[in-house]
Amino acid sequence: MRKKYIVGIAAVAAATALALSGCSTGRTTSGSGSSSSTSIPKGSLIGVALPAKTSQNWVLAGQDFQSSITKAGFKADIQYADNNTPVPSQQAEINSMITKGAKAIIIGAADGSQLGTQVAQAKKQGITVIAWDRNILNTKNVDYYVAFNNFHVGELQAQALLDGLKKEKGSGPYNVELFAGSPDDANATVFFNGAMSVLKPKIADGTLKVVSGQTTFQKVNTQGWLAQNAQKRMTDLITANYAKGTKLDGVLSPNDTLARAILQATKSAGLANPVVTGQDSETDSIPLIMNGTQYSTIYKDTTLEANAAVDLVSTLSKGGKPKTVNDKTNNYNGTITVPAVELTPVLVTKDNAVAAYKNDPTLEKLATAGQ
Ligand code: BGC
């Protein structure tokens, strides 16, 4: 359950982007994932290594894992990567979980391309390695991946942008700008590729005009998922492209933290409110959605996602075989397609917010209050 808290916005170190492109459309289901090497007896230690708190979902994740691991009868060791040194601090935390004798390690990677050595070491010790929310790249040493369908998140964001433009900005063509997440987060390219699969044809047929001409991930990413980086880029885009009365109709934003930063920049520049997408259903964004400032968000129930990983551990602990899918578009890590437990994201706008949040009292209350 979602509690009141303050979101810690953290800096994430610069790192090189790894192109985890949605390179295949192949999607097949399989009965079971790879089996873990050792047993996970009840009462054993389960490590959870999370990235820095770059958005509210990561704050919730720590709380959810603590309660669900304990409830399932295991001991939890939950660690967050340090704001300023996310990669080395997370590497050290995983090493320490291995030393403490963890039987399974659940990892939300700070940088999915920087954990090859740590997961190899874990596998050597017979530890079950589960990538959580973000995949771990370029290694065969990941047993499972538990996440929402990230490519679909991007598709939903792009469709929301198109729907919002039609609804709020009359008939096209529309002037838009594109934003993506941080290059060190493997999800960021998957979200963007999903969105571009919907937007590219609309750019090609002239429905959408990206006035800045910036349409590649390399040009539109937001280092560290940091609000100030998105706000600065939006301000620069306005100065260069929208200062002389050119209308800005919409902005593809990959999450709520960046959506609010983008809206801050357009407001400061005195532009009319553009249609802006989001993700995460952050408590600061729900009132903005209800009053029409932010057009959409995505609901990814963090409790459900944490429970899915802990259920997987429980199944392995009982000697069972978890049900997984082989979804290359979402879960190919550069070396293998990691057997995945894949959850379905939900698009939320003002129109369906109250219903979409019916299992989340905090969000439902915010949505109801804004009606
Ligand atoms: C998560 C998003 C989140 C972003 C920034 C991603 O990996 O899937 O929900 O907005 O990280 O923290």
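This is a predicted model: local features need pLDDT of at least 70, side-chain atom pairs count only at pLDDT 80 or more; totals for chains, interfaces and linings use all residues.
Residues are numbered from 1 along each chain as its sequence is written, and side-chain values use heavy atoms, with hydrogens and water left out.

I begin with the strands. Helices (H or I, at least four residues) and strands (E, at least two) are DSSP runs, numbered from the N terminus. Two strands are said to pair if DSSP finds at least two bridges between them. Strand E2, residues 45-50, pairs with strand E3, residues 75-80, in the parallel sense over six bridges. Within this pair, Ala-49 stands opposite Gln-79 of E3. Together with helix H1, residues 56-71, strands E2 and E3 make a right-handed β-α-β unit; right-handed here states that, with the strands pointing away from the viewer, the path from the first strand over the helix to the second runs clockwise.

Next, the open sheet. Its four strands have the order E8-E7-E9-E10, with parallel pairing. Strands E8 (208-210) and E10 (275-276) stand at the edges, each with a single partner strand, so one side of each is left without a neighbour in the sheet. Helix H5, residues 186-204, packs on this sheet and touches E7, E8 and E9, where contact means heavy atoms within 4.5 Å. The direction of H5 makes about 115 degrees with that of E8. Axes are lines fitted to C-alpha atoms, for helices over the stretch in contact, and angles run from 0 to 180 degrees between N-to-C directions. Strand E7 (residues 174-178) and strand E9 (residues 250-252) pair in the parallel sense over three bridges, and Glu-177 stands opposite Val-251 in E9.

How do H4 and H5 cross? The axes of helix H4, residues 150-168, and H5 come within 7 Å, and they cross at roughly 40 degrees. H4 and H5 are therefore oblique to each other; angles under 35 degrees count as roughly parallel, over 145 as roughly antiparallel, 65 to 115 as roughly perpendicular and the rest as oblique. The crossing of H4 and H5 is right-handed, a crossing being left-handed if the near helix is turned anticlockwise from the far one by less than a right angle, and right-handed if clockwise. The contact includes Phe-151, Leu-161 and Leu-162 of H4 and Val-190, Phe-191 and Leu-199 of H5. Its residues divide into ten nonpolar, eight polar and two charged. In this scheme, Ala, Val, Leu, Ile, Met, Phe, Trp, Tyr, Cys and Pro count as nonpolar, Asp, Glu, Lys and Arg as charged, and the others, Gly among them, as polar.

H1 has a helix partner as well: the axes of H1 and helix H10 (residues 302-317) come within 9 Å and cross at roughly 45 degrees. The crossing of H1 and H10 is right-handed. Among the residues that meet are Leu-60 and Phe-65 in H1, and Ala-306 and Val-310 in H10.

I close with local features. The peptide bond from Gly-172 to Pro-173 is cis, with omega near -5 degrees, and Pro-173 is found in the loop between H4 and E7. Asp-280 has phi near 110 degrees, a positive value in a residue other than glycine. Arg-260 is found in helix H8, residues 256-268. Leaving aside its neighbours within four places in sequence, Arg-260 is in contact with Glu-282, Asp-284, Ser-285, Leu-288 and Gln-294.
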